[in-house]
Amino acid sequence: MGMKISKYLRKKMVEEMRYALEKMKEENDERKKLYYYSGIYGVIPRVFNFEYDPQLVFTYQVISNTYNNFNTRLSLVAQGDTTTSLVDNVFDKLYTYTSQLVDKIEQEEDNVYGLLQKIAVLGFTATGNGYYLYKKGIIQI
């Protein structure tokens, strides 16, 4: 089953996502990693402008929200806020989970919600409350 989008658009979307992931993995700078991560959610609305699928919209919402949380935290850190930071190896986990998500999309699998949940939790750790819960040991990534 999976997302109900044509093979052509699925292929194009997956190619774009894999390119963004490849560039993200090559980067050492967190801001640049995040820039390439934005390509993951950036391609999705282009697809649902032609072929709407609720699962694709949900995927977009999770990934764009995660991007926004990381972007906000990195911007605050750049401005000198030392209250919280990003958790260790968060971009490695983000790459892994997103890569697994793209694999599932490519293979037309329905069970993407577990990976979307993991991605959402990673994004949540970039918020004040999420970071607090991570430090407290309640959130484990």
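The model is predicted, so to speak of local features a pLDDT of at least 70 is needed, side-chain atom pairs count only at pLDDT 80 or more, and totals for chains, interfaces and linings use all residues. Residues are numbered from 1 along each chain as its sequence is written, and side-chain values use heavy atoms, with hydrogens and water left out.

**The overall fold**

- The protein chain has 6 helices and 0 strands; these are DSSP runs, numbered from the N terminus, with helices being H or I of at least four residues and strands E of at least two.
- Follow the sequence along and you get the pattern α-α-α-α-α-α.
- For 141 residues, a compact globule would have a radius of gyration near 14 Å, and the chain's 15 Å agrees with that. This radius is taken over C-alpha atoms, and the globule rule is 2.2 Å times the number of residues to the power 0.38.
- Along the principal axes, the C-alpha atoms fill a box of roughly 45 × 30 × 25 Å.
- Buried residues make up 42% of the 141 residues; buried means under 20% relative accessible area, exposed means over 50%, and partly exposed is in between (1.4 Å probe, protein chains only).
- Take the contacts (heavy atoms within 4.5 Å) with a separation of 6 or more: residues 24 or more positions apart account for 65% of them.

**The nonpolar core**

- In soluble globular proteins, nonpolar side chains tend to be buried together.
- Here, the largest nonpolar core has 39 residues, and Met-13 and Tyr-37 have the most contacts inside it. Such a core is a set of buried Ala, Val, Leu, Ile, Met, Phe, Trp, Tyr and Cys residues joined through side-chain atoms within 4.5 Å.
- Helix 1 (7–26), helix 2 (30–48), helix 3 (54–78), helix 4 (90–106) and helix 5 (113–124) each supply at least two residues of this core, and helix 2 gives the most, with 8 residues.
- Leaving aside neighbours within four places in sequence, Met-13 touches Ile-5, Val-43, Ile-44, Val-47, Leu-56 and Ile-105.

**A look at helix 3**

- Helix 3 has 25 residues and reaches 36 Å from its first C-alpha to its last, close to the expected 36 Å at 1.5 Å a residue; the expected span is 1.5 Å times one less than the number of residues.
- Its buried residues include Leu-56, Tyr-67 and Phe-70.
- The buried residues of helix 3 pack against helix 1, helix 2, helix 4, helix 5 and helix 6 (128–136).
- Just after helix 3, Gly-80 takes a positive phi of about 105°.

**Residues in the loops**

- Leu-86 sits in the loop between helix 3 and helix 4, yet it is buried, with a relative accessible area of 11%.
- Beyond its neighbours within four places in sequence, Leu-86 is in contact with Glu-30, Phe-70, Arg-73, Leu-74, Phe-91, Ala-126 and Tyr-131.
- Most residues other than glycine have a negative phi.
- Asn-89 has a positive phi near 60°; it lies in the loop between helix 3 and helix 4 and counts as exposed at 52% relative accessibility.
- Glu-108 has a positive phi of about 60° too; its place is in the loop between helix 4 and helix 5, where it is partly exposed at 28%.
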